[in-house]
Amino acid sequence: MYTKAIQEDHCWAAVAYYNRAFASLAKDRHQDPNCINQALEDLQNALKSVELYCEQIQVTQGYSTQVNNLCSDSTTRFDSHMRARHQVLLSFKANINEAIKTAHRARDSGGSVKVEETLVYFMVPLENFLSLAVLLTQSLTHIRSRDPVKLLQLISHPSFDIVSELRCLESLGLTHVYTLEAQISLGRFLAKTLLRIIR
């Protein structure tokens with residue numbers, strides 16, 4: 001399914017590449033070098049896809065800033081939402097980069113990787129949710145009132161943008177983010193080191 005998704009949309013295939021990499025690592029407990037190499041290739045393709053999307057966001061933001069500077073000096077709602085989108089994608093890139101480093105380390109030492117998964121909402125550092133926590137605390141009366149208009153105004157606040165972007169990624173198939181832990185096999189590491197010395 002991930003391969004089909006990649007073939008359908010090469011430009012924004014980051015989620016499919018990412019999920020395919022971790023699906024192959026998670027299913028094969030005793031990963032051979034080919035499994036780790038394939039996962040590394042998928043992770044590098046996922047990274048390229050996210051970087052392309054980040055570049056597109058920066059171009060859009062640059063154009064928006066030029067137009068806004070002609071009209072007013074204030075930051076628009078669109079600008080703040082695009083910053084939130086960019087922040088979420090930077091967190092996604094950081095997760096991918098960390099996975100690539102760990103997979104390289106495991107492969108180079110002749111080991112394997114252990115895959116840990118968490119919900120996508122844990123991908124972004126907690127400090128990005130502080131303004132949301134403050135807003136929710138200040139808005140308890142609106143939440144308790146269950147007034148649809150007030151609730152809509154509340155979830156339209158810029159503090160919800162990070163959550164909205166995470167939900168968007170979740171709807172694209174990124175329900176979990178993964179962390180890798182290198183499992184170094186001492187026997188494989190020593191054998192690989194001896195082969196290097198002999199050559």
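Helices (H or I, at least four residues) and strands (E, at least two) are DSSP runs numbered from the N terminus. The model is predicted, so local features need pLDDT of at least 70 and side-chain atom pairs count only at pLDDT 80 or more, while totals for chains, interfaces and linings use all residues. Residues are numbered from 1 along each chain as its sequence is written, and side-chain values use heavy atoms, with hydrogens and water left out.

Stay on Leu140, which is partly exposed, with a relative accessible area of 37%. Buried means under 20% relative accessible area, exposed over 50%, and partly exposed in between (1.4 Å probe, protein chains only).

Zoom out to the whole protein. There are nine helices and two strands, and from the N terminus the order is α-α-α-α-β-α-α-α-α-β-α. The protein has 199 residues, of which 35% count as buried. Among contacts (heavy atoms within 4.5 Å) between residues at least 6 apart in sequence, 79% join residues at least 24 apart.

Next, show the largest nonpolar core, a set of 47 residues in which Tyr18 and Ile96 have the most contacts. Such a core consists of buried Ala, Val, Leu, Ile, Met, Phe, Trp, Tyr and Cys residues joined through side-chain atoms within 4.5 Å. To see where its residues come from, colour α2 (14-27), α3 (33-71), α4 (77-109), α5 (130-138), α8 (161-171) and β2 (176-183), each of which supplies at least two.

Now select Tyr18, which is buried, with a relative accessible area of 0%. Leaving aside residues up to four places away in sequence, Tyr18 touches Leu43, Ala46, Phe92, Asn95, Ile96, Leu174, His176, Val177 and Tyr178.

Rings of Phe, Tyr and Trp (its six-membered ring) pair if their centres lie within 6.5 Å; planes under 30 degrees apart count as stacked, over 60 as edge-to-face and the rest as tilted. The Tyr18 and Tyr178 rings have centres 5.8 Å apart and planes at 40°, so this pair is tilted. Because Tyr18 lies in helix α2 and Tyr178 in strand β2, the pair ties together parts 160 residues apart in sequence. Tyr178 is buried as well, with a relative accessible area of 13%.
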